[in-house]
Structures are given as C-alpha cells and as structure tokens.
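The points below are meant for a colleague who is opening this structure for the first time. Please read them with the model in view.

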Amino acid sequence: MKFLISSLALLFAGAAMAQISDEPNSSNCDGTTYSQKNIDDAATAALNYYANGQTVGKDGYPHQYKDYEGFDFSCSSPYLEFPILTSGTYDGGSPGADRVVIGSISSDETSAQYCALITHDGESGNSFGECTDS
Ligand SMILES: *[C@@H]1O[C@H](CO)[C@@H](O)[C@H](O)[C@H]1NC(C)=O
C-alpha cells in the first residue's frame, strides 16, 4: 500500500511537471479538428517521453523534426514531433498523418512551447503542411 501511494505520487508529480505554453484553442488538419486537450495531451506526452529518454512506436516518437519544409515557427529549434490523436495519447502503432511540434525546450526539460500542428494529408510524398490554428 505504501508502495502504491508513493508510485501514484510520483506519477502525478511527473504528469504535473510538463508545461506547454502557447497552445491554440483548437487546430484543423485538412478536415480533422483537434481540441486544446488533444494538443496538450500530445505535447505533454512528447515532452515527458523526451525528458525520460523514452520513445514509442517503431519510428521512435518523439523524434527530432528537421523542418525541411522551412516553416516559420515562433518557437526555437531543436523541434520534436509526436503523433496527435483525436482521442487518447499515441503509445505505438500507426502514427496517422498528423503531428504536434514542440520547441523552446527548457534546459531542465520540464517546459516547452507549442510550435504547430503539421499534417501529411493533402501533401505530396513525405512532406508536411501546416494545420490551421484557431
Ligand atoms: C482562443 O480563444 C480566445 C478566447 O475566445 C481568443 O481570444 C484567442 O484569440 C483564441 N486563440 C487563437 C489562437 O485563435
């Protein structure tokens, strides 16, 4: 019981640590709308995995996003990309077409800035387009 309580305390402490700033109210990726909660879930998971040195899925998310498209983000590189879902949090399997990108990661890895949602939908080859925030 004591172990369970201290594990839960750690879990909550870990979850509360990651802070993502500048998230929009919602974002539309070629017809799929993500809520601020969807965005926060994905961005927070990305930062927590990064801070713990862990990745999920065969493509190892979160991983660095190199911005080959040359987007003009208001956050600073290095950027991390992580799959975003309309329900739940990505934990392996097919990553779908849409990603959250975070940057301006603090040196203690507890906070980061939202950069954008990007999508493969409506784009050619492997390139990304920017989703529309609102
Ligand atoms: C989010 O909603 C608030 C309140 O309606 C609004 O002031 C703000 O501009 C919205 N953010 C974006 C990115 O549109």
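1. Strand S2 (residues 26-29) pairs with S9 in the antiparallel sense over two bridges; strands are DSSP runs of E with at least two residues, helices are runs of H or I with at least four, and both are numbered from the N terminus. Two strands count as paired if DSSP finds at least two bridges between them. Ser-27 has Asp-133 in S9 as its bridge partner.

2. A note on the basis of these points: this is a predicted model, in which local features need pLDDT of at least 70 and side-chain atom pairs count only at pLDDT 80 or more, while totals for chains, interfaces and linings use all residues. Residues are numbered from 1 along each chain as its sequence is written, and side-chain values use heavy atoms, with hydrogens and water left out.

3. The pairing of S2 and S9 belongs to an open, antiparallel sheet of three strands in the order S3-S2-S9. Strand S3 (32-35) and strand S9 (132-133) are at the edges and have a single partner strand each, so one side of each is without a neighbour in the sheet.

4. The largest nonpolar core has 23 residues, of which Phe-82, Val-100, Ile-102 and Leu-117 touch the most other members. Such a core is a set of buried Ala, Val, Leu, Ile, Met, Phe, Trp, Tyr and Cys residues joined through side-chain atoms within 4.5 Å, where buried means under 20% relative accessible area, exposed over 50% and partly exposed in between, with a 1.4 Å probe and protein chains only. Two or more residues come from each of helix H2 (36-52), strand S5 (79-83), S6 and strand S7 (111-119), and H2 gives the most, with seven.

5. Val-100 lies in strand S6 and is buried, with a relative accessible area of 1%. Not counting residues up to four places away in sequence, Val-100 touches residues including Ala-42, Leu-80, Phe-82 and Leu-117, contact meaning heavy atoms within 4.5 Å. Ile-84 is 16 residues from Val-100 along the chain, with 6.0 Å between their C-alpha atoms.

6. Asp-98, also in strand S6 (residues 98-103), deserves a look. Asp-98 is buried yet has no salt bridge, and the nearest side chain of opposite charge, Arg-99, is 6.5 Å away; a salt bridge would need a side-chain nitrogen of Lys or Arg within 4 Å of a carboxyl oxygen of Asp or Glu. The side chains of Asp-98 and Tyr-34 are, however, joined by a polar contact of 2.5 Å.

Terms used: Lys and Arg count as positive and Asp and Glu as negative; His and the chain ends are not counted. A polar contact is a pair of N or O atoms within 3.5 Å; within protein, one must be able to donate a hydrogen and the other to accept it, and residues adjacent in sequence count only if both atoms are side-chain atoms.
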